[in-house]
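Subject: Structure handover and findings

Hello,

Here is the structure we talked about. Please open it first, then read the notes below.

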Amino acid sequence: MQGGLILFIAVFVVLALFPVIGVPRVWLLYLFLFFIYLSMANMWNLLAGYSGLISLCPAAFVGLAGYTMTIMTWLGLPYYVGIIPGAIVAALFAMLISIPVFRLKGIYFAIGTLVVPEILRVVFLLWKPVGGPLDGLGRGYTVHGVAEVSRSQPYWLALAIGMTSFLLMRYILRSKLGSGLAAIRDNDSTAASCGINVFSLKLCSFIIAAFVTGIAGTIFYIYQGFIEPASAFSIRWLITLMLATVIGGEGTEEGPIVGTMIVVFLYFLLARYAEISLIIQGIILVGIMLVAPQGIVGYIRKFQRHTSN
Amino acid sequence: MPLVMGILLGGLYAVIALGLSLVFGVVKEINVAHGDLVILGSYFGYAAMTMLGIDPILSLVMGMPLLFGIGFLIQKYLLNRAFRISMDATLIIAFGISIILQNTFQLIWTPFPRGLTTSYALKSLALGPVRFPFVYLLNFVVAIIVMLFLREFLRRTYLGMAIRAAAQNRKSAHLMGINTDRVYAFTFAIALAFAAIAGVFLGLTFPFTPISGMPFLIIALGVVVLGGLGSIVGTFIGGIAFGLAQTLGGHFFGVAAQMLVAYTMVLVVLAVIPRGIFGR
C-alpha cells in the first residue's frame with residue numbers, strides 16, 4: 001500500500017512536469033484525451049460495472065456541463081470558475097432525469113437514458129442561451145477568454161481529474177456505498193431484505209458519475225475553446241467510454257485505465273483513416289464482447305486464477 | 001389537417017416499430033441497431049433505384065430476402081451467443097452493430113441526405129378541403145397489410161406458432177422440442193424483412209442520412225413501449241399516437257420542435273406506463 005502510494009505520487013509528478021520539460025505537443029494532446037476519457041470511463045464503469053446501470057447518456061452530462069461553463073464565460077467570468085457549476089448542473093440534471101428513468105429496470109433504463117441526449121441536442125439547437133456572433137451556425141459558441149490561455153493549463157486540469165477519478169473509484173469501492181453496490185449486484189432482493197436501500201445507492205452513484213463526467217466535460221471544452229450541440233450531445237462520447245470500459249474490463253478497477261490507453265492509442269493509429277476509424281471501433285466492440293466479455297483485465301485475472309489452481 | 005397527417009404517418013411508424021416489437025416480444029432483447037437496419041433498407045432501395053433503375057417498392061423483392069439473410073446471421077452468430085453472456089452483452093453488441101452500419105453508410109453514400117424520389121412520391125391527394133401527400137396514404141395501407149399478414153402468419157404457420165411458444169416461455173418451448181435458437185434467428189430475420197419494407201417507405205416519405213437511424217429508433221421504442229410488449233394492435237395504436245404527437249407538436253410549437261414533442265413523449269410513456277396499454 002505504501003509502495004503503491006509512492007508510485008502513484010511519482011507518476012503524478014512526472015506527468016505534471018511534462019509540459020514544463022518540453023514534451024512534444026502531440027503527446028500532450030493524447031495524454032490530455034487519455035485523462036479526460038479515463039475519468040469518464042471510470043464513471044461509466046461505476047454505473048455499468050458496479051451499479052448494474054447501463055447508462056447511455058454520458059453525453060448529456062458532458063454537454064450540459066460544457067454549455068454551463070461556456071455561458072459563464074460569456075457573462076464575463078474566467079473559464080475556471082465555470083468548472084464546478086458545470087458539474088453541479090450535470091449532477092442536478094441527473095437527479096431530475098432519475099425521476100423518470102429510475103422507475104425503469106435493466107434494459108428499460110438503457111432506453112430511457114438513450115433518449116435524454118437526443119432531447120438536449122434538439123433543445124440546444126432551438127434555444128439561444130446568449131446572443132453571439134456564431135449563433136445560427138448550429139448554435140455554436142466559443143468559450144470566451146481561453147484563446148490566450150496556454151495549452152498546459154487544460155492539461156493539468158485533465159491530469160488532476162483523471163487521477164482524482166481513479167482515487168475516487170478506489171475510495172468508493174472500499175466504502176459503504178461500494179459494498180452496498182456489490183451486494184445489490186450479487187442479488188438485489190437479498191440486498192434489499194438486508195436493509196440496503198437499493199434505490200438511493202444507485203441514485204448516489206448516478207449523481208457522482210454525472211458530477212465527475214461533467215467536470216471532465218468542462219475541461220474538454222476549455223481545451224477545445226468551442227462548443228456546439230451536435231458534437232456536445234453526440235453519441236461518440238458513449239462509444240468512446242463504452243469501448244474503453246469494455247476493452248479493459250467492465251467491473252474491474254484497472255479496466256478503464258487499460259481500455260482508455262488502448263482507445264487513445266487507436267485514435268492515434270487511425271487518425272489518418274477517419275472514415276473507417278469508427279467502423280473498426282464498432283468491430284472491436286462486438287469482437288471483444290463475444291470473445292472476452294470480461295475485457296482484458298478480467299481475462300488476465302481468470303487466466304491467473306486458472307494457473308494458480 | 002395535422003390530424004389526418006398524424007394518423008397516416010402513424011402507419012409508417014407502426015411498420016418501423018413492428019420489427020423491433022417482434023424481437024422485443026419474442027427474444028426479449030432491445031435491438032438498438034433497429035433504426036440503422038431500417039435505414040439500411042432505405043439505402044438498399046436508393047441503390048436499386050439509382051444503380052439499376054428499379055422502382056424502390058419493386059426492389060423489395062430483393063431487399064427483403066437480403067435483410068432476412070442478414071438478420072438470420074446476426075442473431076445466429078452474434079446475438080444468440082451474446083444472450084448467453086448477459087443481457088448487457090446483447091445491448092452492447094447491438095450498439096456495436098449500429099456504429100458499424102452508420103459509418104458504413106457514411107463511407108458509401110456520404111453524409112448528404114438522400115431520398116427515394118419517385119413520381120408517385122410527390123403526388124398529393126385531396127380529401128375534401130384537406131390535401132395530403134399520396135405516400136402518407138400508401139404508408140397507412142401498407143401498415144395495415146403488413147400487420148394483418150404478421151398476425152395470420154403467427155396464428156397459422158408452424159414457425160409462427162413456434163415463435164409464439166418461444167415468446168411465452170423459452171424453457172417450456174425448448175422442452176417441447178422447439179429449437180429456440182433457430183426460432184430466435186428466424187424471428188430476427190423476419191423482423192429485418194419488415195425493416196426492409198419500413199426502410200423503403202421511410203425513404204419515400206422523408207429524406208434520410210447515415211445517422212437517421214437514431215431518431216427513428218427512439219420513436220419506434222416509444223411506439224413499442226406504449227403499445228405493450230409484442231402486441232401487434234398495440235404497435236399500430238402506438239404508431240398512430242406518435243404520428244399524432246409529431247404532427248400536432250409541429251402544428252402548435254413549430255416544425256423545429258416536433259421531434260422534441262415526440263422524444264419527450266417517449267420519456268413520459270416510459271415513466272408513466274412502462275408496460276404499455278396492451279401490456280401483459
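Between which two helices of chain B is the loop that holds Lys28(B)? Lys28(B) sits between helix H1 (2–26) and helix H2 (34–52) of chain B. Keep in mind that this is a predicted model.

**Two positive phi values in chain B**

Lys28(B) is not a glycine, yet its phi is positive, about 60°. Most residues other than glycine have a negative phi. Lys28(B) has 17 C-beta neighbours inside 10 Å, so it counts as partly exposed.

Thr110(B) is another case. Its phi is near 60°, again positive in a residue other than glycine. Thr110(B) lies in the loop between H4 and strand S1 (124–127) of chain B. Is Thr110(B) buried or exposed? It counts as exposed, because it has 11 C-beta neighbours inside 10 Å.

**Helix H4 of chain B**

Thr110(B) comes after H4(B). This helix covers residues 87–109, 23 residues in total. Its first and last C-alpha atoms are 33 Å apart, close to the 33 Å expected at 1.5 Å a residue. Of the 23 residues of H4(B), 17 are buried, so the helix is largely enclosed by the rest of the structure.

**A helix crossing in chain B**

Look next at helix H5 (residues 134–156) and helix H6 (residues 158–168) of chain B. Their axes come within 5 Å and cross at roughly 85°. That makes H5(B) roughly perpendicular to H6(B). H5(B) contributes Phe153(B), Leu154(B), Arg155(B) and Arg156(B) to the contact. H6(B) contributes Gly160(B), Ile163(B) and Arg164(B). By class, the contact of H5(B) with H6(B) has three nonpolar, one polar and three charged residues.

**Domains of chain A**

Chain A splits into domain 1 (30–233) and domain 2 (235–309). The centres of these two domains of chain A, taken over C-alpha atoms, are 21 Å apart. The contact involves 20 residues of domain 1 of chain A and 20 residues of domain 2 of chain A. On the domain 1 side, helix H2 (25–50), helix H3 (58–74) and helix H6 (152–174) of chain A each give two or more residues. The largest share of that side is from H2(A), with 13 residues. That side of domain 1 of chain A has 16 nonpolar, three polar and one charged residues.

Ser39(A) is a residue of helix H2 of chain A. Ser39(A) is buried, with 28 other C-beta atoms within 10 Å. Which residues does Ser39(A) touch, leaving aside its neighbours within four places in sequence? They are Ile161(A), Gly162(A), Ser165(A), Val212(A) and Ala216(A). For Ser39(A) and Ser179(A), the separation is 140 residues in sequence and 21 Å in space, C-alpha to C-alpha.

**Where the chains meet**

How many residues does each chain bring to the contact? Chain A brings 33 residues and chain B brings 33 residues. Helix H5 (106–126), helix H11 (235–248) and helix H13 (274–291) of chain A each give two or more residues to the chain A side. H5(A) gives the most to that side, with 13 residues. The chain A side divides into 26 nonpolar, four polar and three charged residues.

Helix H4 (residues 83–101) of chain A has 19 residues. It reaches 26 Å from its first C-alpha to its last, close to the 27 Å expected at 1.5 Å a residue. Its buried residues include Ile83(A), Val89(A), Phe93(A), Ile97(A) and Val101(A). What covers the buried residues of H4(A)? The cover includes H3, H5 and helix H9 (198–224) of chain A, together with helix H11 (258–272) of chain B.

H11(B) has 15 residues and reaches 21 Å from first C-alpha to last, close to the 21 Å expected at 1.5 Å a residue. Among its buried residues are Met259(B), Tyr263(B), Met265(B), Val266(B) and Leu270(B). The cover here includes H4 and H5 of chain A, together with helix H9 (213–227) and helix H10 (232–253) of chain B.

Best wishes

Terms used: Residues are numbered from 1 along each chain as its sequence is written. Chains are lettered from A and ligands numbered from 1 in the order in which they are written. This is a predicted model: local features need pLDDT of at least 70, side-chain atom pairs count only at pLDDT 80 or more; totals for chains, interfaces and linings use all residues. Domain bounds come from an automatic or database domain assignment. Two residues are in contact if their C-beta atoms, placed from the backbone, lie within 7 Å. Helices (H or I, at least four residues) and strands (E, at least two) are DSSP runs, numbered from the N terminus. Ala, Val, Leu, Ile, Met, Phe, Trp, Tyr, Cys and Pro count as nonpolar, Asp, Glu, Lys and Arg as charged, and the others, Gly among them, as polar. The expected span of a helix is 1.5 Å times one less than its number of residues. A residue is buried if 20 or more other C-beta atoms lie within 10 Å of its own, exposed if 12 or fewer, and partly exposed in between; C-beta atoms are placed from the backbone. Axes are lines fitted to C-alpha atoms, for helices over the stretch in contact, and angles run from 0 to 180 degrees between N-to-C directions. Angles under 35 degrees count as roughly parallel, over 145 as roughly antiparallel, 65 to 115 as roughly perpendicular and the rest as oblique.
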